[in-house]
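This briefing is intended to be read beside the sequence and the 3D view.

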Amino acid sequence: MTNDFFNKNSQYLKTDENEEWTEVGTAITNTTPGSISNVIINTTPICPNMSNKEFRKEVMRARDAGVSLIKERIAAVARWDAKERDRAEIYFARADEEIRSTLAVGLPRLLAAMQELVPEKIVRWDSVLNRSLTCTVALDSGDNHAAVCKPDSQKRVIAIYSKFCNISHGELFHECKIKTLIHECTHYTDTFNSIDEVYADTESGAKYFAKNHPDLAIRNADNITGYIATFDGRNIR
């Protein structure tokens, strides 16, 4: 790009080095004078109630809080005292060696996956990045919070839906952004490879499902998420 181009188009270009830059597209052109390559930019914000810059900060705060909660449970599983076994009983209806072993293996993997999340890969459900994945893109029904594509687990992409934008940041006693990120990361094939047998964002809901399905609870995403991050009355702001 020549200095002449900058001089002619300076009113369109950001020149303050302290300002935040975001890549919006790439193009390849040639050296022919006047040659132009068009880049189509989707300017629709990920969440209608905040800018994309605000969204990136919000999801990284949620990720960091989720990381802390997972670390707490890793330490608790290592102790496996009566209090922790009681917690496992709530969310899995059992606290045997299989449960402890599954958690001991899966939680560090989940921690690593959460730490690998970056804002550029937490995107709108209809983004080009999400549509490029192996899975068929689910439409925004108004009930779904987020989704991942299991065959593309290593890419660490999370698709965000409109409902995610309006739930709390960290009211851990029901649905919230922190728990949503944890939930989605449990689906990755290299963490827990969890399933959505049932949705249960509360302790009572997870406990009821576990009691009636003790073999499935340790595979259900919301039971794993609940064990990690559901606490009555706790609100991370």
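Is the link of Cys135 and Cys149 left-handed or right-handed? With 85° about the S-S bond, this link is right-handed. The structure is a predicted model, in which local features need pLDDT of at least 70, side-chain atom pairs count only at pLDDT 80 or more, and totals for chains, interfaces and linings use all residues. Residues are numbered from 1 along each chain as its sequence is written, and side-chain values use heavy atoms, with hydrogens and water left out.

**Overall composition**

- The protein contains 9 helices and 3 strands; helices (H or I, at least four residues) and strands (E, at least two) are DSSP runs, numbered from the N terminus.
- Along the sequence, these elements follow the pattern α-α-α-α-β-α-β-β-α-α-α-α.
- Of the 237 residues in the protein, 41% are buried; buried means under 20% relative accessible area, exposed over 50%, and partly exposed in between (1.4 Å probe, protein chains only).
- Among contacts with a separation of 6 or more, 63% come from residues 24 or more positions apart; a contact means heavy atoms within 4.5 Å.

**Disulfides**

- A search of the whole structure finds 2 disulfides, a disulfide being a pair of cysteine sulfur atoms within 2.5 Å.
- One of them is formed by Cys47 and Cys165, with the sulfur atoms 2.0 Å apart; the link is left-handed, with -85° about the S-S bond.
- Cys47 lies in the loop between helix H1 (3-9) and helix H2 (52-79), and Cys165 lies in helix H6, so this pair ties together parts that are 118 residues apart in sequence.
- Cys47 is buried, with a relative accessible area of 0%, and Cys165 counts as buried at 3% relative accessibility.
- Cys135 is joined to Cys149 by a disulfide with an S to S distance of 2.1 Å.
- Because Cys135 lies in the loop between H5 and S2 and Cys149 in the loop between S2 and S3, that pair ties together parts that are 14 residues apart in sequence.
- Cys135 counts as partly exposed at 28% relative accessibility, whereas Cys149 counts as buried at 5%.
- When the bonded cysteines of the protein are numbered in sequence order, the pairing is 1-4, 2-3.
- Cys176 is buried, with a relative accessible area of 1%, and Cys185 counts as buried at 0% relative accessibility.

**The sheet**

- The 3 strands of an open sheet have the order S1-S3-S2, with mixed pairing; two strands pair if DSSP finds at least two bridges between them.
- Strand S1 (122-124) and strand S2 (146-147) stand at the edges, each with a single partner strand, so one side of each is left without a neighbour in the sheet.
- S1 and strand S3 (residues 158-160) run parallel and are joined by 3 bridges; Arg124 has Ile160 as its bridge partner in S3.

**Aromatic rings and charges**

- The whole structure holds 3 aromatic pairs; rings of Phe, Tyr and Trp (its six-membered ring) pair if their centres lie within 6.5 Å, and planes under 30 degrees apart count as stacked, over 60 as edge-to-face and the rest as tilted.
- Phe92 and Tyr227 form a tilted pair, at 5.4 Å centre to centre and 50° between the planes.
- Phe92 lies in helix H3 (residues 82-92) and Tyr227 in helix H9 (residues 221-229), so the pair ties together parts that are 135 residues apart in sequence; both Phe92 and Tyr227 are buried.
- Trp125 and Tyr161 form a stacked pair, at 5.9 Å centre to centre and 10° between the planes.
- Trp125 is in the loop between S1 and helix H5 (128-131) and Tyr161 in the loop between S3 and helix H6 (162-166), 36 residues apart; both Trp125 and Tyr161 are buried.
- Arg87 lies over the face of Phe231, at 4.1 Å from the ring centre; a charge sits over a ring if NZ of Lys or CZ of Arg is within 6 Å of the ring centre and within 35 degrees of the ring normal.
- Lys177 lies over the face of Phe164, at 5.5 Å from the ring centre.

**Helix H8**

- In helix H8 (residues 203-212), the buried residues are Ala206, Phe209 and Ala210.
- Seen down the axis of H8, these buried residues fall within an arc of 100°, so they line one face of the helix; the arc is that of the directions from the helix axis to the C-beta atoms.
- The buried residues of H8 pack against H3 and H9, while the face turned away from the buried side carries the exposed residues Ser204, Tyr208 and Lys211.
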